[in-house]
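Subject: Structure for your review

Dear colleague,

Please find the structure below, together with its sequence. I would be grateful if you could read the notes that follow with it open beside you.

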Amino acid sequence: MQAAETTVDPSEVAKFEAMAAEWWDPAGKFKPLHMLNPCRLDYITRQIAAEFDRDLSLEAPFKGLRLLDIGCGGGLLSEPMARLGAEVVGADAAERNIPVARIHAEQSGLTIDYRHTTAEALAAAGERFDVVLNMEVVEHVADPLAYLTACRELLKPGGLHLCSTINRNPKAFVMTILGAEYVMRWLPKGTHEYQKFITPDELCGLLEQAGLKVLDRSGFVFNPLTWDWSISSRDLSVNYVTAARKPA
């Protein structure tokens, strides 16, 4: 069998491999994700609960759902999903992320199937999931449409795809590159490339081309006065997220 083609960009993978050991340090290079994570989880859990008619007040509301966290990094989203009862596969193209994620999951008493692999390889192997989390990855791949098409193939009919990324406009450039990388130094310089940012209309168009039906798009908004994040149905100017369904 031929090896699956890949949309992985080796230069992007190298950036995250260099930071792998810092995934679970809330004051380290992934501080922005630690700050954003509660907001991301709020959106993710509500969308999954609504789509699959799950009661979030139960102890394991996502029991019976098979979930893929593509670009899982150190497991910042995989672990909460496992705690909510989902059967979680965490996949990352950066090999050094996987042992970090595995060790932390073991220390947390969680069973998570972490793999050094790609969306294309998983799709070619016939893997299928109820939910695909595709968070802060699409702006790092070489071919967004081919990548999103692989993510659609990974979904069961009626499955849910959640994808977040960064808008492409002057405000986003100032906030995510000048602010986070050069002023606050939360991230190493060069972590993001402005030309790879994707506008909400572009992403929704790509999702539709990939064969997914867009259900929602919302913004993750940072308030520098309160130093926290919130979800907005109107402000998608910098960080934003989409929910889409694979037709049954």
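The findings are set out below, beginning with a helix and moving on to individual residues. Please note that this is a predicted model.

Helix α2 covers residues 31-52, and its 22 residues should span 32 Å at 1.5 Å a residue; the end C-alpha atoms lie 31 Å apart, which agrees. Within α2 there is a kink of about 45° at Asn-37, shortly before Pro-38. The residue following α2 is Asp-53, which has a positive phi near 55°.

The UniProt entry, which is unreviewed, lists Arg-40, Gly-71, Asp-92 and Met-135 under "binding site". Two of these positions are described here.

Arg-40 is part of helix α2. Its relative accessibility is 3%, so it counts as buried. The side chain of Arg-40 forms a polar contact with that of Asn-37 at 2.6 Å, and Asn-37 is also where the kink in α2 lies. Beyond four places in sequence, the contacts of Arg-40 include Leu-33, Leu-77, Met-135 and Phe-220.

Met-135 belongs to strand β4 (residues 129-135) and is likewise buried, because its relative accessible area is 5%, under the 20% cut-off.

Finally, Thr-118 sits in the loop between β3 (113-116) and α5 (119-124). Although in a loop, Thr-118 counts as buried at 16% relative accessibility. It touches Thr-6, Val-8, Ile-70 and Ala-93, leaving out residues up to four places away in sequence.

Yours sincerely

Note on methods:
Residues numbered from 1 in each chain as written. Predicted model: local features only at pLDDT ≥ 70, side-chain atom pairs only at ≥ 80, totals over all residues. Heavy atoms only, no water. Helix = DSSP H or I, 4+ residues; strand = E, 2+ residues; numbered from the N terminus. Buried < 20%, exposed > 50% of the residue type's maximum accessible area, 1.4 Å probe, protein only. Contact = heavy atoms within 4.5 Å. Expected span 1.5 Å × (residues − 1). Bend = angle between axes of the 7 residues up to and from the residue. UniProt positions renumbered as here; feature names shortened; annotations may be inferred. Polar contact = N/O pair within 3.5 Å; in protein donor to acceptor, adjacent residues only side chain to side chain.
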